[in-house]
Amino acid sequence: MESVIEVNEAAVRDRTRDAFQGLARAELPALYSLARRLVRDGAEDLVQEALLQAFRAFGTLKEEAAAGRWLKTILVNVFRDQLRKRSRSVDERPVGDLSDFSLYRTLVDEDPFPYSDTLHADFLQAFDSEDLREVLIRLPDIYRIPLVLRYIDGFATKEVARLMEAPLGTILARLHRGRRLFEREMWTYAQESGLLTKEDGHD
Amino acid sequence: MTETRAIPCSEAVRQLWDYLDHAITPENQEKVEKHLSFCRKCCGELEFAKEMRAFLATSSAEEIPSDVKERLERFVEGL
């Protein structure tokens with residue numbers, strides 16, 4: 001026969017499970033979106049693994065209002081650990097000389113939307129979320145991850161450094177190089193995918 | 001008082017995002033601002049950097065397909 005203590009513990013476990021499930025369900029779209037921008041394949045598996053680890057660590061969540069950021073942090077930790085298991089070496093594919101590339105200047109020089117008064121804004125608006133993902137996925141992990149975390153998901157640079165377990169200076173350097181590479185890939189992708197041939201940059 | 005040394009466009013552009021992030025030293029911040037005060041081209045670069053940051057920060061979330069959403073919800077229910 002169950003003791004009163006056992007019955008109470010079971011009730012607390014049920015309440016905890018219900019609370020976690022409610023938070024997790026609400027954050028599924030944001031978690032999936034982050035996972036899709038971090039990995040080419042396996043976003044769903046990454047979310048599942050993150051949810052599993054988050055459930056085990058639910059007791060460490062201090063404020064439910066911070067659940068979204070807490071879950072994303074766990075997802076990034078899982079992803080970082082998976083990267084380490086897959087490869088001992090950092091993906092340092094050569095990305096060519098980026099020092100002279102400026103997307104701003106390239107757009108002025110090439111003028112892809114000659115009838116536009118808002119050339120640069122039109123160029124950005126030509127990219128929908130799928131186009132953005134395609135550009136991001138082309139970048140080596142070491143540049144893509146800091147960019148996604150810093151500029152799309154809004155983590156502070158120091159938080160990115162902590163999440164990636166890298167010195168702040170290293171992350172700053174990767175953000176700098178990553179931004180240049182990202183802009184170059186935006187231009188290349190726009191040319192390859194026909195984004196520049198749509199009338200005035202819009203559908 | 002020491003006068004702020006002028007920097008070329010390449011140096012100003014290199015520092016624009018860090019300038020917007022307030023991630024450069026006050027001395028470099030002053031150099032970038034001084035450069036921007038007379039260089040129209042780099043002001044254009046600065047405006048574009050702001051537009052790019054806003055574009056990334058407000059980029060809509062990836063749509064979660066209904067079958068994936070259902071599977072993940074079932075996974076959560078099973079925890």
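Reply: Start with buried area, which is the accessible area (1.4 Å probe) that two parts lose on being put together, summed over both. This is a predicted model, where local features need pLDDT of at least 70, side-chain atom pairs count only at pLDDT 80 or more, and totals for chains, interfaces and linings use all residues. Residues are numbered from 1 along each chain as its sequence is written, and side-chain values use heavy atoms, with hydrogens and water left out.

Me: OK, how much area is buried between chain B and chain A?

Reply: About 3,400 Å², and carbon and sulfur atoms give 65% of that.

Me: New topic. What secondary structure does chain B have?

Reply: Five helices and zero strands. Helices (H or I, at least four residues) and strands (E, at least two) are DSSP runs, numbered from the N terminus.

Me: What is the radius of gyration of chain B?

Reply: 21 Å, whereas a compact globule of 79 residues would be near 12 Å. The radius is taken over C-alpha atoms, and the globule rule is 2.2 Å times the number of residues to the power 0.38.

Me: What box do the C-alpha atoms fill?

Reply: Roughly 70 × 25 × 15 Å for chain B, along the principal axes.

Key:
Chains lettered and ligands numbered in written order.
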